Amino acid sequence: MHHGTTPGATRGGRTTAPSTGPATDPAEGTTTAPGPAPAPAPVLQPGTGPVRSSRYLPAEADQVLWGRLPNGDDRPVVTLAPGDDLTIDTVSHEGLLPDQGSDPVAFFGRHGVAPEHVLADAVAIARTGRRDPERDGPHVVTGPIAVDGAEPGDVLTMTVLETLPRVPYGVVSNRHGRGALHGEYPVDGRTVSVFADVVPADDGPGDDRLLGRIPLTERGDRYARFPLAPFLGIMGVATPGERLHSVPPGRHGGNIDVNLLQAGAQLHLPVLVPGALAYVGDPHFAQGDGEVALTAMEASLRATVRFDVTPAAEAAQQFGELVWPLVETRDHLVPTGLDPDLDEAVRACVRHAIAILGARYGMEPHLAYAYLSAATDFDVSQVVDLVTGAHARIRKADFADVR
């Protein structure tokens, strides 16, 4: 594994986005009819395009794990000082998997994507075959990233500074009978992978928003358009012991799929091995709470993340015992709860919320419980990752006068 490098080109790489055309994919059983071509958009091939940080970690085949998460024995691909940031390329697994043909050029080509608009690192990863389809998860994970001085008992904070789409298209898949309606979808038991492209909102002068687009019918003559909200579905720290499967999330973070982890948000995690050995992956362009079909709009991102460490003594005052990952946005504290049973995940989230209110504001548990019932929304993060997730949104403004 190599250390992160600065790319040869930090600007450029702008190409024309693909237009959709009629295509039938026998591996996935979906058909997309013609539609209007999206506007030009950048394709961020490895080492091209904007890189926000002074350090850059490409998703080279020997700098990723496919289907597993790093453990404490893995050698870091890059080492940072606390407070450093890093620009990281991530690769979506969609288009790389065996039920899609294991050939992203062919898979996306059936949807009208030119070969030069398919990411070269995705092609290289698909060709390595370093994944056991019977034992490993689907996700491509970039890392591990060591942070000097981080020790078990400390808290690692990963702040998302920027998320740039690397391509103007993505995929939403339903497979393995593992969506919310397992047993009902997919109807014929085969993988259904829906190609979704990115188009300009174009709702008037000065509107430079980009939207995701999914056809209403197989003919592809009418579309639903929805806002993009890019985030990393996987953010985590390494664990002792064997490499964990990439699908179920846990105290280490991993595949938590909390869609609030957009640019500006933070994820606080307990350090479990020396150096923390952080990692990111499972990039999404958009995801609804629940992620009910199994995947979000999966598509590759270039993310810039800052890595900070809070020493154990100080962490105890800020976070209490950090049993589960804690998300923080500008406006909200977002405790999480995880369990194979969704009811238990919600209960775990409520306990976490009570604990964080006690640690952060000195609120007594029975009063925190009452406050949460009166003032806090509890949301379903996802119901499809073997371990389900819930998260709460505690308004920081409610405690602005606390001294």
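Predicted model: local features only at pLDDT ≥ 70, side-chain atom pairs only at ≥ 80, totals over all residues.
**Pockets, rings and strands**

Biologist: How much space lies in the second largest pocket, and which residues are closest to its centre?
Modeller: The space in the second largest pocket is about 230 Å³. Of the 13 residues that line this pocket, the closest to its centre are Asn174, Tyr185, Pro186, Val192 and Ala293.

Biologist: How many residues in the lining of the second largest pocket are charged?
Modeller: Let's sort the lining by class. It has 10 nonpolar residues and 3 polar ones, and the number of charged residues is none.

Biologist: And in the lining of the largest pocket, how many are charged?
Modeller: The largest pocket has a volume of about 390 Å³ and 28 lining residues, with Arg131, Pro138, Arg175, His176 and Arg178 nearest its centre. Sorted by class, its lining has 8 nonpolar and 7 polar residues, while the charged ones number 13.

Biologist: Phenylalanine 107 and phenylalanine 108 form an aromatic pair, so what kind is it?
Modeller: There are 5 aromatic pairs in the structure. For phenylalanine 107 and phenylalanine 108, the rings are 5.0 Å apart centre to centre with 80° between the planes. An angle over 60 degrees counts as edge-to-face, so this pair is edge-to-face.

Biologist: Are phenylalanine 107 and phenylalanine 108 buried or exposed, and which residues does their cluster link?
Modeller: Both phenylalanine 107 and phenylalanine 108 are buried. Ring pairs join them into a cluster, and its members are Phe107, Phe108, Tyr169 and Phe195.

Biologist: What kind of pair do tyrosine 361 and phenylalanine 399 form, and how many residues apart in sequence are the parts it ties together?
Modeller: The ring centres of tyrosine 361 and phenylalanine 399 are 4.3 Å apart and the planes are at 5°, so the pair is stacked. Tyrosine 361 sits in helix α4 (residues 342-361) and phenylalanine 399 in the segment after β24 (388-395), so the parts tied together are apart in sequence by 38 residues.

Biologist: Is tyrosine 361 buried or partly exposed?
Modeller: Buried means under 20% relative accessible area. Phenylalanine 399, at 9%, counts as buried. Tyrosine 361 has 23%, so it is partly exposed.

Biologist: Why is strand β22 largely enclosed by the rest of the structure?
Modeller: Look at residues 332-339, which make up strand β22. The strand is largely enclosed because, of its 8 residues, the number buried is 6.

Biologist: Which residue in β24 is the bridge partner of leucine 338?
Modeller: β22 pairs with strand β21 (residues 326-328) in the antiparallel sense over 3 bridges. β22 and β24 also pair in the antiparallel sense, over 6 bridges. In β24, the bridge partner of leucine 338 is glycine 389.

Note on methods
Residues numbered from 1 in each chain as written. Heavy atoms only, no water. 1 Å grid on protein atoms, 1.4 Å probe; cavity = no way out; pocket = protein on both sides within 12 Å on 5 of 7 lines; lining within 4 Å. Points joined across faces, edges and corners; volume = space filled by probe spheres on them. Nonpolar A, V, L, I, M, F, W, Y, C, P; charged D, E, K, R; others polar. Phe/Tyr/Trp six-rings, centres within 6.5 Å; stacked < 30°, edge-to-face > 60°. Buried < 20%, exposed > 50% of the residue type's maximum accessible area, 1.4 Å probe, protein only. Helix = DSSP H or I, 4+ residues; strand = E, 2+ residues; numbered from the N terminus. Pairing = 2+ DSSP bridges.
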